[in-house]
Amino acid sequence: MQAITDSYDFVVVGGGTAGSVLAARLSEPDGARVLLLEAGGDGPPTAAANPPAWPTLLGTSANWGDTTVRQSATGTTTPLARGRGLGGGSAISAMTFVRGHHSGYGAWTAGGAKGWGYDDLLPYFKRSENAPGRDPVLRGVGGPLTVGPASPPHPVVAALLTAATQTGYRRAADIAAGLEEGFGWSDLNIVGGRRQSAADAYLTPARRRRNLTVVTGALVHRLLLRDGRCAGVEYGHAGRTGTVAVGCHGEVVLTAGTIGTPQLLMLSGIGPRAHLRDKGIDVAFDLPGVGANLQDHPLAAVVHRAARPVPPGANNHGEAIGLVRSRLGICDPDVQVLLADTPGCHTPVADPPDGQGYRIAVSPMRPHSRGTVRLASAEPGALPLVDPDYYGDDRDLATMVEALFLAREIGQARALDGWRAHEVLPGPDVKDDAGLRAYARGTLASYMHPVGTCRIGIDDLAVVDTDLRLHGVDGLRVADASVMPAIPSGDIAATVYAIAERAADLLRR
């Protein structure tokens with residue numbers, strides 16, 4: 001083992017959303033020495049602070065630049081968003097802060113994640129947020145993140161929201177809280193007209209502490225394992241030759257995300273035996289669930305050309321959502337509807353070309369398809385092979401088609417008469433189930449919510465236990481979106497904050 005230069009109580013690998021929370025919370029007690037390692041830079045691009053500019057960030061160095069492998073159901077590849085730099089995904093995302101419906105967390109406990117239901121997470125949801133004026137039983141006050149609806153709301157999104165209620169859907173009082181179905185204004189991580197990332201809310205205030213060390217440009221190559229325990233990490237520093245080894249006499253916490261965390265585990269010899277051997281990596285611990293169970297929300301949209309100029313947005317473009325059931329007989333909401341003031345952000349199409357349009361995007365919230373993250377090579381800096389297997393289970397495509405039908409119905413409501421010129425996509429020639437299936441496959445986009453590759457559980461394919469400790473290796477935990485057993489029925493950021501807040505309690509305990 002390489003000579004260790006220093007040792008810490010906690011080493012946190014990955015300075016994104018979860019890592020910012022963990023580094024801040026773990027460095028609160030006097031005497032606990034915390035090291036945070038982040039592969040990206042110290043600060044995001046200038047445009048990151050400007051909420052409506054977020055789509056431009058996906059083409060910068062603040063995004064790792066992952067693309068899926070060719071998808072078997074569509075024959076296409078799909079760009080993914082993975083934050084690189086302090087704040088991670090929270091520094092480049094669309095800033096939506098919603099929990100998803102409470103029923104979605106029931107799949108966690110049903111799958112073996114005892115103690116991780118909605119009610120168990122509620123104290124940590126509340127701890128992360130400052131949402132004054134809401135129901136105090138459900139919402140927090142005084143947390144690091146100040147969250148709330150768009151201010152001012154965009155007039156097109158307001159018309160879309162009215163159109164949804166005219167179509168017969170319920171108007172939700174607080175769609176972000178997780179107990180309602182229907183349509184309502186999302187909470188956003190926008191404060192005073194500027195993005196508030198995890199780094200802004202948690203890490204920046206904490207960096208004044210002498211017991212917290214933050215190193216950026218630090219790509220972790222492998223975990224240092226000794227006698228069944230993680231004793232530290234080895235990392236390379238941007239612009240320097242060689243590597244640095246640091247020790248940890250407490251616990252190493254992986255917060256590199258759904259893609260980065262399983263990649264690092266496999267590079268360290270922890271993962272599916274056959275795959276590691278195929279890549280020439282010595283097997284330290286055969287853990288077949290590492291990199292399995294990948295889930296993401298696919299996205300498609302109904303796009304309209306506007307009859308008059310659409311005012312420029314001041315927020316995140318998608319200010320309101322609906323959480324609904326795709327058809328009768330469904331027990332819980334299984335579709336999210338995103339109401340947006342632009343024709344294209346997440347989607348690979350941006351018609352009309354002059355931008356004078358709006359869209360009603362839809363996504364199956366409970367996809368049955370499962371994919372993998374696998375190594376492309378044993379080189380630490382190589383992007384891994386990401387295969388969400390979108391529409392690999394045909395039930396997901398069937399749900400998407402139902403969702404597109406309901407989006408079309410909303411698009412024809414009278415509240416939009418003053419804005420609607422005509423439907424651009426899928427277009428008037430696409431009328432039936434077969435046509436919408438082809439359209440959904442041809443315009444497949446990621447909603448950018450990957451989860452599940454190091455899931456909590458007790459079976460042979462689980463990676464961490466209910467205290468987030470890695471099965472089979474002492475001194476090592478995972479505390480990011482990769483531990484989610486099933487994808488929430490909504491955007492995942494609020495859930496990641498809650499996981500990290502709870503992980504801090506578990507580690508300090």
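Reply: Happy to. According to UniProt, in an unreviewed entry, residues 257-271 carry the label "domain: Glucose-methanol-choline oxidoreductase N-terminal". Keep in mind that this is a predicted model.

Me: What makes up the span 257-271 in terms of helix and strand, and how far apart are the end C-alpha atoms?

Reply: The span is 73% helix and 13% strand, and its end C-alpha atoms lie 16 Å apart.

Me: Why is K114 called exposed?

Reply: The label exposed needs a relative accessible area over 50%. K114 has 72% relative accessibility, so K114 counts as exposed. This lysine lies in the loop between α2 (106-110) and α3 (118-128). The C-alpha atoms of K114 and I456 are separated by 9.1 Å, although the two are 342 residues apart along the chain.

Me: Why is Y447 called buried?

Reply: Buried means under 20% relative accessible area. Y447 has 4%, so the label buried applies. Y447 is found in the loop between β21 (445-446) and β22 (476-478). UniProt, in an unreviewed entry, places the feature "binding site" at this residue.

Me: What makes the phi of M95 worth a remark?

Reply: Most residues other than glycine have a negative phi. M95 has a phi near 70°, a positive value in a residue other than glycine. M95 is found in the loop between β2 (34-38) and α2.

Me: Is N293 buried or exposed, and how do you know?

Reply: N293 has 15% relative accessibility; the cut-off for buried is under 20%, so N293 counts as buried. Its phi is near 65°, again a positive value in a residue other than glycine. N293 is found in the loop between β13 (285-286) and β14 (298-306).

Me: How do you know that the peptide bond between S151 and P152 is cis?

Reply: Look at omega: the bond joining S151 and P152 has an omega of about 0°, and it is cis. P152 is found in the loop between β4 (145-146) and α4 (155-166). The bond from L425 to P426 is also cis, with omega near 0°. P426 lies in the loop between β20 (420-425) and α9 (433-442). As background, most peptide bonds are trans.

Me: How many cavities of 30 Å³ or more are there, and what volume has the second largest cavity?

Reply: The count comes to four cavities of 30 Å³ or more. The second largest cavity has a volume of about 50 Å³.

Me: Which segments make up domain 1 and domain 2?

Reply: Domain 1 covers 1-45 + 57-113 + 195-295 + 372-390 + 450-508, and domain 2 covers 151-185 + 298-364 + 392-443. The contact between them takes 17 residues from domain 1 and 16 residues from domain 2. Contact here means heavy atoms within 4.5 Å. The C-alpha centres of domain 1 and domain 2 lie 32 Å apart.

Methods
Residues are numbered from 1 along each chain as its sequence is written. This is a predicted model: local features need pLDDT of at least 70, side-chain atom pairs count only at pLDDT 80 or more; totals for chains, interfaces and linings use all residues. Side-chain values use heavy atoms; hydrogens and water are left out. Helices (H or I, at least four residues) and strands (E, at least two) are DSSP runs, numbered from the N terminus. Buried means under 20% relative accessible area, exposed over 50%, partly exposed in between (1.4 Å probe, protein chains only). UniProt positions are given in the numbering used here, feature names are shortened, and annotations may be inferred rather than shown by experiment. On a 1 Å grid over the protein atoms alone, a cavity is a set of points where a 1.4 Å probe fits but cannot get out, and a pocket is an open set with protein on both sides within 12 Å along at least five of seven lines; lining residues have an atom within 4 Å of a point. Grid points are joined across faces, edges and corners, and a volume is the space filled by probe spheres set on the points. Domain bounds come from an automatic or database domain assignment.
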